[in-house]
Amino acid sequence: MTIYAAGVVPWREAGDSIEVLLVHRENYNDWGFPKGKQDPGELLPETAVRELKEEASVSVKLGRKLDIIRYQVGTEDKEVHYWAAKVKPKAAKKQKFVANDEIAKCEWVPAEKAAGLLTYEHDQNLLKLCLELHKAKELETRAIIILRHAKATLRSDWKGEEAKRPLLPEGELQAKRLVNLLAAYGPKQLVTSPWKRCWDTIAPYAKKTKRTLVERGQLTELSNKRRPISTKKVVDALLGKSKSGLICTHRPALPSVLEPLAAAASKDLKKHIMEATALKPGDFMVLRLTLGSKPKVVGAEWCTGISELAESQSAT
């Protein structure tokens, strides 16, 4: 049996370097980054955000994924997924840490000091990676999320207009479940195909976060089939923005949506990005982009738990 957990390397700028937020567990006499076990029904990005809030009283949006650490705990395997997360000044001011039975101390520490304070080698390696990424100006990134709409009524079962083909009950459940998961990344600019199954997939998140949902007809299956170049231009427009964003579209349009992003990535990453043409309903890929006028795609993270949720519901 594998124990799944998630953690965060919280960081902030400190001159030419960074500071990181460490926690001290008195019972283990160790220093490390906030982390914890996955709760039942929870997906790992949600675990990471929740554990940071519980252990250090800090709220964040996840940045780029750093690594997956695997080790033994007694006779069981443990797998811990780590993300970087920049803590904004406003969030740092709201931090109200209170020592408890699990966490005795929570301190912002300069990276150089943290290297000697961290107890475990895997945490030291995570810090080293963050410093390397910071030096390369690739630690702070923004996200573009490519989301395939949730599970919809089969074409063969729908006699009405294709643009109005609705989500199945499982798809409606997926859309509701996406709200908290997407909130872990916090996309601000929401762009969708106007067709009902796409709109209804992202509408719950838009409503919860009070964000405007922008329709783009170029993202429909029909428009992409006729003029895929127009579909790609929607992505290019989002690439040129400075905020994080999300595009909700259809499986046949995924190649056109992903190609401009793959073009901004390294050769090795391009292949991984284009594999997202196989996203299942309700699943998404998070692309991490560098800041600036000519962004590069430096990371790509699959998030597949939502489709599994629908499959499990269908089986019951």
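Trainee: What volume does the second largest pocket have?

Mentor: This is a predicted model, where local features need pLDDT of at least 70, side-chain atom pairs count only at pLDDT 80 or more, and totals for chains, interfaces and linings use all residues. Residues are numbered from 1 along each chain as its sequence is written, and side-chain values use heavy atoms, without hydrogens and water. A pocket is an open set of points on a 1 Å grid over the protein atoms alone, where a 1.4 Å probe fits, with protein on both sides within 12 Å along at least five of seven lines; lining residues have an atom within 4 Å of a point. Volume is the space filled by probe spheres set on the points, which are joined across faces, edges and corners. For the second largest pocket that gives about 480 Å³.

Trainee: Which residues are closest to the centre of the second largest pocket?

Mentor: Its lining has nine nonpolar, four polar and ten charged residues. Of the 23 lining residues, the closest to the centre are Arg25, Tyr28, Lys35, Tyr71 and Lys78.

Trainee: Is Asn29 buried or exposed?

Mentor: Asn29 is not a glycine, yet its phi is positive, about 50 degrees. Buried means under 20% relative accessible area, exposed over 50%, partly exposed in between (1.4 Å probe, protein chains only). At 60% relative accessibility, Asn29 is therefore exposed.

Trainee: And Ser57, buried or exposed?

Mentor: Ser57 also is not a glycine and has a positive phi, about 60 degrees. Its relative accessible area is 18%, so Ser57 is buried.

Definitions and conventions
Ala, Val, Leu, Ile, Met, Phe, Trp, Tyr, Cys and Pro count as nonpolar, Asp, Glu, Lys and Arg as charged, and the others, Gly among them, as polar.
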